[in-house]
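Thanks for coming. I will go through one structure today, a few residues, ring pairs and pockets at a time. Please look at the sequence and the model first.

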Amino acid sequence: MPIRKVGVRGIGAYTPPKVVTNFDLEKIVETSDEWIFTRTGIRERRIAEPDMATSDLSYMASKIALDSANLTPGDLDLIIVATVTPDMFFPATACILQDKLGATCPGFDLSAGCSGLIYALSVGAQFIANGMYDNILVVGGETLSKIIDWQDRSTCVLFGDAASAVILGPVDTGGFRSFVLGADGGGGKLLELPAGGSRLPASYETISQRLHFIKMNGRDVFKFAVRVMEEASLEAIDKAGLTLKDIDLFIPHQANIRIIESAAERLNVPKDKFFVNLDRYGNTSSASVGLALYEAFWEGKIQKGSKILMVGFGAGLTWGACVLEW
Ligand code: COA
């Protein structure tokens, strides 16, 4: 079977309307707008209402992506949802989304932390490249506000809720030119949600010890992030047969402006080549790279033929990068 080129046929994103600023957080924990902004670059984030789950945000992003691809849910061959905040353990959020959309195709979830969207794009691309499917909906959706410890100032200021959606399909020109995936399970402890799974099922103790919330060693994650952003980017560009100078736009995972600036310095790439919207959304985990791609597109930063590097890192520890020719 011939290998087919795979590209982006449509894109969408959705953020819940409620804005929570750094000043709002000053009223919840001992922090300040000045501390948050200088350490992270974040000004505000979007937070879902209590009755909104990941599939609800994913649905909104998916509808926009389907419209932009000129497809209906019935045209979909597969749905992959990358998330660390599924609606529930099972059924998969992809199946809940399939039902909401009125699609009939198979679907499954993928867990790779904030690298989730890049992992999911690489998985979806295989099905199209080998001819098994034509139209795949890949979603990065998160309601991180539901697993944030709102008493922990070292983490609650960093994250936000969002969903992004990409429709993959066969293309004649351009498309994905490389994928790089990586993991270091030994570093998993640096960023985890300890309880609620089979290791520590929910109990009175796990709840009273607040073990159902994100725990993170920020400094070590920072060092890891800066290193893998550089290494994964260079590897993906090399695999694509390109050099750094060929890349028109860098779309990094939107975790912290200092991580992005350090990566830009290490790569010796001007900072304005890196798209940034984390000031308005914070870290939206697997939604972040797709949300940035969507906004970059609508801001006119992407044209036909543009060469885009997407790069992310996250819980696992995981990392991923890809080069996409638009
Ligand atoms: N407001 C005010 N002070 C805070 C604070 C907050 N929201 N959060 C932490 N602090 C305090 C700490 O308690 C510490 O105080 P101490 O020195 O008295 O102990 C001090 O600020 C400095 O903390 P430190 O951890 O050194 O800050 P930092 O410069 O490393 O920045 C992060 C902290 C979390 C912003 C940074 O480490 C980071 O972004 N790491 C990567 C996290 C990430 O991207 N995670 C997601 C991966 S997908």
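Ser233 is found in helix α8; helices (H or I, at least four residues) and strands (E, at least two) are DSSP runs, numbered from the N terminus. This is a predicted model, in which local features need pLDDT of at least 70, side-chain atom pairs count only at pLDDT 80 or more, and totals for chains, interfaces and linings use all residues. Residues are numbered from 1 along each chain as its sequence is written, and side-chain values use heavy atoms, with hydrogens and water left out.

Is Ser233 buried or exposed? Ser233 counts as buried, at 2% relative accessibility. The cut-offs are under 20% relative accessible area for buried, over 50% for exposed, and partly exposed in between, with a 1.4 Å probe and protein chains only. Leaving aside residues up to four places away in sequence, Ser233 touches Val228, Leu267, Leu309, Val311 and Ala321, where contact means heavy atoms within 4.5 Å.

Next, Ile128. Ile128 lies in helix α5, residues 116-129, and is buried, with a relative accessible area of 0%. Its contacts, again not counting residues up to four places away in sequence, are Arg4, Val6, Tyr133, Asp134, Ile136, Leu168, Gly169 and Pro170. Thr143 is 15 residues from Ile128 along the chain, and the C-alpha atoms of these two residues are separated by 29 Å.

Now the aromatic rings. A pair of aromatic rings is described by the distance of the centres and the angle of the planes. Rings of Phe, Tyr and Trp (its six-membered ring) pair if their centres lie within 6.5 Å; planes under 30 degrees apart count as stacked, over 60 as edge-to-face, and the rest as tilted. By this rule there are seven aromatic pairs. One of them is Phe250 with Phe274, stacked at 4.7 Å centre to centre and with 15 degrees between the planes. This pair links distant parts of the chain, 24 residues apart: Phe250 is in strand β11 (residues 249-252), and Phe274 is in the loop between α9 (257-267) and α10 (278-281). Phe250 is buried at 0% relative accessible area, and Phe274 counts as buried at 7%.

Phe297 and Trp298 form an edge-to-face pair, 5.3 Å centre to centre, with 80 degrees between the planes. Phe297 is partly exposed, at 27% relative accessible area, whereas Trp298 is exposed, at 59%. Elsewhere, ring pairs link Phe224, Phe313 and Trp319 into a cluster.

Last, the pockets. On a 1 Å grid over the protein atoms alone, a pocket is an open set of points where a 1.4 Å probe fits, with protein on both sides within 12 Å along at least five of seven lines; lining residues have an atom within 4 Å of a point. Grid points are joined across faces, edges and corners, and a volume is the space filled by probe spheres set on the points.

The largest pocket holds about 890 Å³ of space. Of its 36 lining residues, Val84, Thr85, Pro86, Ile147 and Leu193 are the closest to its centre.

The second largest pocket has a volume of about 650 Å³. Its lining has 26 residues, with Trp35, Ser154, Leu158, Met216 and Gly218 nearest its centre. Which helix gives the most to this lining? That is α8, with four residues, the helix in which Ser233 is found.
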